[in-house]
Amino acid sequence: MHKRKKKIKYSRLLFLIIFNLLLILGIVKIVNILKNKEIKEEEVKEEIPLISKYKAIVTDSEEQNKDTVKKYFVNGMDTNDYKNTIEKIDNYIDVSGEYNELNYDFEKHYHYYELEEIYNNLAKSSIVNLEIIGKSVDGRNIYSIEIGNGDTVTMFEAGIHASEIASPLFITKFMIDLVNGYEANDKEVKEFLNKYKIVVLPVANPDGYEITIFGGNAANNKDLFLAKATSEQLDYLKCNANGVDINRNFPSQTSGLYYKKYELDESVSLTKSYETESYYPGETLGSEPETRAIMYWQNKWLPYLKSYVALHSAGQSIYNGKPYLSDEYNYNSNVCAEIVGEITDYFVLDKIDEQAGEGNDGTSSEYMAETLSGFIFSSKTGRLSTDYYKKYYSELKYKNTCVIVIEALEEYTNNLKIIKKEYYNHKLEEAYKAIIERE
Ligand SMILES: [Zn+2]
């Protein structure tokens, strides 16, 4: 009995030891899991939330100090307008029928409706999607053309300035060659388009394009500002049909603000004018339907963006980098610009040429660069704000992303011979491809 009792005691003791050991191990494990969970939650908090395709994120903080806020000379965008702009619904067009091989003629001035026919025909290819992203002041459709199956996206925006009709032509020629090649089973083109995706906004200011080439009579509404311009004035006017420079109408952080110098630069006119090349930004940021179409488009593709290329037509130079954005942004954009500069022989400008606060901010490239750097819209200022993401805004949300502005041609011109020469002599096709293929 005694012995047996002892035996029981021993086995009980053994059981207790093992039980306790297991208990301790269990507790340690649970503590570790909880700790990890905490770490994971913290990590998630540290992560910069993606601004999703259709969500506008708004803060109510002011990013500027009070002195500079007073000096805005353009009203900020209304918050609901901003939300409605970004969260607009898709508008894809289903184009049926067989693809017809297209011939692009550099010697011919295309009406905008003829370009529309080209874009609709491109959309008959299985490699192309066509979306109407908005309507211009004078009632023309604004298109986005998606070509290719790749995951990362190169965006080309062209034709924001009326008198710069060359860039819409360059990018239209480029798209036609790609899709013709794909439809003709060209092995190289097929590989290229299966690997990459390009998203093109070929004519951001369709009224400006049409009226610049065909005159005020081409306007649907003859009372519009641009419809009343003389043909001499149409040679240099950059605005949309309302007389607003769309490329100064974006609600970027310093749009309509001087903080570098409070006196107007004499070469810059900020009022609506037929007489000079005006940078009139409108009464209110985001006021123009073309601006809103571009903003919708930019935000929609932002989560997939690799390179953003704005095509202009004056100066044979490449803008890249913004002094007030991160080193990473500036480095990437400079790499991208150097690739293009090497091929085209265009001059790669310094980032200082993109200084903010000079009074003519509010460009599409500024809005894009700031958005991808994590700036969000402030309901107080009606512009993008760095405040909410102060901690992060020096870093890019999306890695390896660049924004550049390519200025083709010595100066803008309607001369089709000069435009054609520029495309071939400065190897624009090769340059566009090199940006798309950038690692
Ligand atoms: Zn321009």
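Visitor: How many helices and strands does the chain have?

Guide: This is a predicted model, in which local features need pLDDT of at least 70 and side-chain atom pairs count only at pLDDT 80 or more, while totals for chains, interfaces and linings use all residues. Residues are numbered from 1 along each chain as its sequence is written. Helices (H or I, at least four residues) and strands (E, at least two) are DSSP runs, numbered from the N terminus. The chain has 13 helices and eleven strands.

Visitor: In what order do the strands of the open sheet stand?

Guide: Two strands pair if DSSP finds at least two bridges between them. Here eight strands form an open sheet with mixed pairing, in the order β2-β3-β5-β4-β6-β11-β7-β8. The edges are β2 (128–135) and β8 (347–348); each has a single partner strand, so one side of each is left without a neighbour in the sheet.

Visitor: In which sense do β2 and β3 pair?

Guide: β2 pairs with β3 (residues 141–148) in the antiparallel sense, over seven bridges. Within this pair, L130 stands opposite I145 of β3.

Visitor: What percentage of the residues count as buried?

Guide: A residue is buried if 20 or more other C-beta atoms, placed from the backbone, lie within 10 Å of its own. By that rule, 45% of the 439 residues of the chain are buried.

Visitor: How many residues of helix α11 are buried?

Guide: For α11 (residues 364–372) the count is nine of the nine residues, so this helix is largely enclosed by the rest of the structure. Among the buried residues are S364, E366, Y367 and L372. Their cover includes β4 (153–158), α9, β6 (305–312), α10, β10 (383–385) and β11 (402–407). Just after α11, G374 takes a positive phi of about 100°.

Visitor: At what angle do α9 and α11 pack?

Guide: Axes are lines fitted to C-alpha atoms, for helices over the stretch in contact, and angles run from 0 to 180 degrees between N-to-C directions. The axes of α9 and α11 are 11 Å apart, and the angle is about 30°. Angles under 35 degrees count as roughly parallel and those over 145 as roughly antiparallel, so α9 is roughly parallel to α11. Two residues are in contact if their C-beta atoms, placed from the backbone, lie within 7 Å. In this case I294, M295, Q298 and N299 of α9 meet S364, Y367, M368 and T371 of α11.

Visitor: Which residues make the contact between α10 and α13?

Guide: The axes of α10 (residues 327–344) and α13 (residues 428–437) come within 9 Å and cross at roughly 160°, which makes α10 roughly antiparallel to α13. From α10 the contact has C336, I339, V340, I343 and T344, and from α13 it has L428, E430, A431, A434 and I435.

Visitor: Where does S255 lie, and is S255 buried or exposed?

Guide: S255 has its place in the loop between α8 (231–234) and α9 (289–301). With 30 C-beta neighbours inside 10 Å, S255 counts as buried.

Visitor: Which residues does S255 touch?

Guide: Leaving aside residues up to four places away in sequence, S255 touches V74, F250, P281, L285, D361, G362 and R383. The C-alpha atoms of S255 and G76 are separated by 8.5 Å, although these residues are 179 residues apart along the chain. For the chain as a whole, among contacts between residues at least 6 apart in sequence, 80% join residues at least 24 apart.

Conventions
A residue is buried if 20 or more other C-beta atoms lie within 10 Å of its own, exposed if 12 or fewer, and partly exposed in between; C-beta atoms are placed from the backbone. Angles under 35 degrees count as roughly parallel, over 145 as roughly antiparallel, 65 to 115 as roughly perpendicular and the rest as oblique.
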